[in-house]
Amino acid sequence: MGEVNVSHEELKELAGAKLVGAGLSLQQAETVADVLVHADLRGVRSHGVLRTEHYVRRLDEGGLNKKPAFSFEQTGPCSGIYNGDDGLGHVVAKNAMEEAIKLAKQNGIAMITVTNSSHCGALSYFVQQAAQQGLIGVAMTHTDKIVVPFGGAEPFLGTNPIAYGFPAKHHKPVILDMATSNVALGKILYAREAGTAIPDGWGVDEDGSSTTDPHKVNALTPFAGPKGYGLGMVVDIFSGLLAGAAFGPHISKMYGDYNKYRKLGHYVCAINPSFFTNEEDFLNGMDGMIEEIHQVKPAEGFKQVFVPGEPEQLMEEKYLEEGVPIPDTVYHYLQSEQ
């Protein structure tokens, strides 16, 4: 299987057109496409336009609400609940973070749970929303079971990602976006699509043994053993139980039951640094921390020490100029008629 370089503008247009063709409004389709291409530009292909076909199938079969009636209930000065009405999670999470940003600017901090949502894509997009407004952003979401708990032989938790975004004065925001599994499931799916092997330790087969064949992966492993397992459980509590949603093995499958709403939960938080310290000092301090980390002597085999999210930002700069590499099969699907 080969690849083709495609401009980010064309990718947004193609992905958006597919979603509109499946019955989504133009405004929502543009938001979803923006989140997907954001991931591709950062080299996180597992959450990019590769997913378009999946969302179209869910829209076609009734597993996503094409015309959701979003609503937000502010439950306190710094809290609220965003109801996604079973729409596309990308739109839901973006809207929820917008509400959190408004509250945080007024009251210092905002914590919002999201209910009745679906897969929302790369969390880096949403914490970057906050960071671009000079706020700290936090986002979490749970997924259906695919990760074995530490000491377990069968999956219980999802990949349950968590993300943080920190603004700086002159440098780009520091963005940490990570799954609590060794890798995101999307990387396994991408390897299947690309026909490549995966590193040892990413996944286990039906017997619980490590495998390098992405087609034999039955479950993933938590990163850093008990630490990743514990953090994955924390994410499920914040984005699942706190949002009144299901947890672990009770979460509906992403790949299956395409005609049913998934009822996923998310958690987003925005923090206004000016309510805790001098804003300029904080932003300048972030710049100083970034610059001092850059000056750390690199280990053998490394040219420089980067801050979290920086390799993805450099990738984005490259892909904005050269185009985004997309598997032929994905590009052909995006170009195909409905």
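**Figure 1. Helix H5 packs through its buried residues against helix H2 (26-41), H4, strand S5 (136-141), strand S6 (162-166) and strand S7 (174-178).** The model is predicted: local features need pLDDT of at least 70, side-chain atom pairs count only at pLDDT 80 or more, and totals for chains, interfaces and linings use all residues. Residues are numbered from 1 along each chain as its sequence is written, and side-chain values use heavy atoms, with hydrogens and water left out. Helices (H or I, at least four residues) and strands (E, at least two) are DSSP runs, numbered from the N terminus. Helix H5 spans residues 124-131 and is mostly covered, with 8 of its 8 residues buried. Buried means under 20% relative accessible area, exposed means over 50%, and partly exposed lies in between (1.4 Å probe, protein chains only). The buried residues of H5 include Tyr125, Phe126 and Val127. Also buried in H5 are Ser124, Gln128, Gln129, Ala130 and Ala131.

**Figure 2. Strand S3 (residues 79-83) has a covered and an uncovered face.** Gly80 and Tyr82 belong to the covered face, whereas Ser79, Ile81 and Asn83 belong to the uncovered one. In a regular strand the side chains alternate between the two faces of the sheet. Strand S2 (residues 71-76) runs antiparallel to S3, and 5 bridges join the two. Two strands count as paired if DSSP finds at least two bridges between them. Ser71 has Asn83 in S3 as its bridge partner.

**Figure 3. S3, helix H4 (residues 89-107) and S4 form a right-handed β-α-β unit.** A crossover is right-handed if, with the strands pointing away from the viewer, the path from the first strand over the helix to the second runs clockwise. Strand S4 (residues 109-117) runs parallel to S3, joined by 5 bridges. Gly80 has Ile112 in S4 as its bridge partner.

**Figure 4. Three strands make an open sheet in the order S9-S8-S10, with antiparallel pairing.** Strand S9 (210-211) and strand S10 (219-220) are at the edges with a single partner strand each, so one side of each has no neighbour in the sheet. Strand S8 (residues 203-204) pairs with S10 in the antiparallel sense over 2 bridges. Opposite Gly203 stands Leu220 in S10.

**Figure 5. Ser181 lies in the loop between S7 and helix H6 (185-194).** Ser181 counts as buried because its relative accessibility is 2%. Leaving out residues up to four places away in sequence, Ser181 touches Val147, Thr159, Leu220, Thr221, Pro222 and Phe223. Contact means heavy atoms within 4.5 Å. The side chain of Ser181 reaches the backbone oxygen of Val183 at 2.3 Å. This is a polar contact, defined as a pair of N or O atoms within 3.5 Å; within protein, one must be able to donate a hydrogen and the other to accept it, and residues adjacent in sequence count only if both atoms are side-chain atoms. Ser181 and Pro149 are 32 residues apart in sequence, and their C-alpha atoms are 9.7 Å apart in space.

**Figure 6. Ser46 is placed in the loop between H2 and H3.** Ser46 has a relative accessible area of 2% and is therefore buried. Not counting residues up to four places away in sequence, Ser46 touches Arg51, Ala184, Gly186 and Lys187.

**Figure 7. The largest nonpolar core has 28 residues.** A nonpolar core is a set of buried Ala, Val, Leu, Ile, Met, Phe, Trp, Tyr and Cys residues joined through side-chain atoms within 4.5 Å. Leu11, Leu19, Val49, Leu88 and Ile326 touch the most other members. Helix H1 (8-21), H2, helix H3 (52-61), strand S12 (324-327) and helix H10 (328-335) each supply at least two residues of this core. H2 gives the most, with 6 residues. Leu11 is in contact with Val6, Val37, Val49, Val324, Ile326 and Leu334, leaving aside its neighbours within four places in sequence. Apart from this core lies another of 25 residues, among them Val35, Phe126, Ala163 and Val268. In soluble globular proteins, nonpolar side chains tend to be buried together.

**Figure 8. The count of disulfides is 0.** A disulfide is a pair of cysteine sulfur atoms within 2.5 Å. Cys78 is in no disulfide, and the nearest cysteine sulfur, that of Cys269, is 9.6 Å away. Cys78 is partly exposed, at 25% relative accessibility, whereas Cys269 is buried, with a relative accessible area of 2%.
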